[in-house]
Amino acid sequence: PEYPAAQSSVVVNVTYKDNAGAEHTDSFNVFIQAKEKDKDEEPVDSSSLTPKVIVSNYSVDVEKIVSGEEFVLTFVLKNTSLDKDVQNMTVDVIPGTDGSNGSNGTIFSPIDGTTSFYTAKLDKNGELEYSIKLRTSASAGARSYPITIRYSFEYENSGQYAQGNGSMDINLPVTQPIKFELMEWYPPTECYGADGCTISFQ
């Protein structure tokens, strides 16, 4: 049985006979230290848990994402469940906006016209890599913009199939191309071929 930690003593009576046959009784105090019993951990029933899918890594194929230019986004989805596969998984890449024009201010547009993927099966504790080619809006300012990775899937639960879903946001920094712009220029009023002339501009 379980018992709390405690310290107590008991009296032990010892009866014995000596060599002459005389009987004697002695008493002894014995101290007992009781230690609290460790409770067994309750086993976790993972059969009813929903598998969790996460974006474990992502990268782009360029050193910098520049407004008006193309790049390839690669991301990895991981099934963190140690005992359940996920099946019939659909993955959607949802580009963010500039926050000023609602859905009309899309920053990243797909080159191939599709932003969805289908995966028949993602093994337990497994990973899969996806890639999508995007073009950055030429009007995108220099800051970070979000992309949402959204996914839904099926998994087996007690002999039946259940639904699961999730999403994660990643932020991609965008820079503007370096360019020179001629603001004003001041041609000379007179210019002689032999002497040359000076032109000023900003």
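A residue counts as buried when its relative accessible area is under 20%, as exposed when it is over 50%, and as partly exposed in between (1.4 Å probe, protein chains only). The model is predicted, so to speak of a local feature takes a pLDDT of at least 70 and side-chain atom pairs count only at pLDDT 80 or more, while totals for chains, interfaces and linings use all residues. Residues are numbered from 1 along each chain as its sequence is written, and side-chain values use heavy atoms, with hydrogens and water left out.

Now for the overall layout. The chain has 13 strands and zero helices, where helices (H or I, at least four residues) and strands (E, at least two) are DSSP runs numbered from the N terminus. Of the 202 residues in the chain, 23% are buried. A contact means heavy atoms within 4.5 Å. Among contacts with a separation of 6 or more, 64% are between residues 24 or more positions apart.

Next comes a sheet. Strands of a sheet pair through backbone hydrogen bonds, either parallel or antiparallel. Here five strands make an open sheet with mixed pairing, in the order β4-β11-β10-β6-β8; two strands pair if DSSP finds at least two bridges between them. β4 (65–66) and β8 (116–122) are at the edges with a single partner strand each, so one side of each has no neighbour in the sheet. Strand β6 (residues 86–95) runs antiparallel to strand β10 (residues 144–157), and the two pair over seven bridges. Thr 90 sits opposite Ser 152 in β10.

What about the inside? A nonpolar core is a set of buried Ala, Val, Leu, Ile, Met, Phe, Trp, Tyr and Cys residues joined through side-chain atoms within 4.5 Å. The largest one has 28 residues, and those touching the most other members are Phe 75, Leu 77, Met 89, Phe 108, Ile 147 and Ile 149. At least two residues of this core come from each of β3 (53–60), β5 (70–79), β6, β9 (127–136), β10 and β11 (160–175). β10 gives the largest share, six residues.

Ile 149 is itself in strand β10, and its 0% relative accessibility makes it buried. Beyond its neighbours within four places in sequence, Ile 149 has contacts that include Val 55, Phe 75, Leu 77, Val 91 and Met 168. Ile 149 and Phe 75 are 74 residues apart along the chain, yet their C-alpha atoms are separated by 9.1 Å.

Rings of Phe, Tyr and Trp (its six-membered ring) pair if their centres lie within 6.5 Å, with planes under 30 degrees apart called stacked, over 60 edge-to-face and the rest tilted. The structure has six such pairs. In one of them, the rings of Phe 71 and Phe 108 have centres 5.6 Å apart and planes at 80 degrees, so this pair is edge-to-face. Phe 71 belongs to strand β5 and Phe 108 to strand β7 (residues 108–110), so the pair ties together parts 37 residues apart in sequence. Phe 108 is buried as well, at a relative accessible area of 1%. Phe 75 and Phe 117 are another edge-to-face pair, 6.3 Å centre to centre with 75 degrees between the planes. Phe 75 is buried at 0%, whereas Phe 117 is partly exposed at 23%. Phe 71, Phe 108 and Tyr 145 make up one aromatic cluster.

Finally, the charged side chains. A salt bridge is a side-chain nitrogen of Lys or Arg within 4 Å of a carboxyl oxygen of Asp or Glu, and a search of the whole structure turns up five. Glu 70 forms one with Arg 135, the closest N and O atoms being 2.7 Å apart. Glu 70 is in strand β5 and Arg 135 in strand β9, so parts 65 residues apart in sequence are tied together. Both ends are partly exposed, Glu 70 at 33% and Arg 135 at 39%. Asp 85 forms salt bridges with Lys 121, at 3.5 Å between the closest N and O atoms, and with Lys 124, at 4.0 Å. Asp 85, Lys 121, Asp 123 and Lys 124 are linked in a network of salt bridges.
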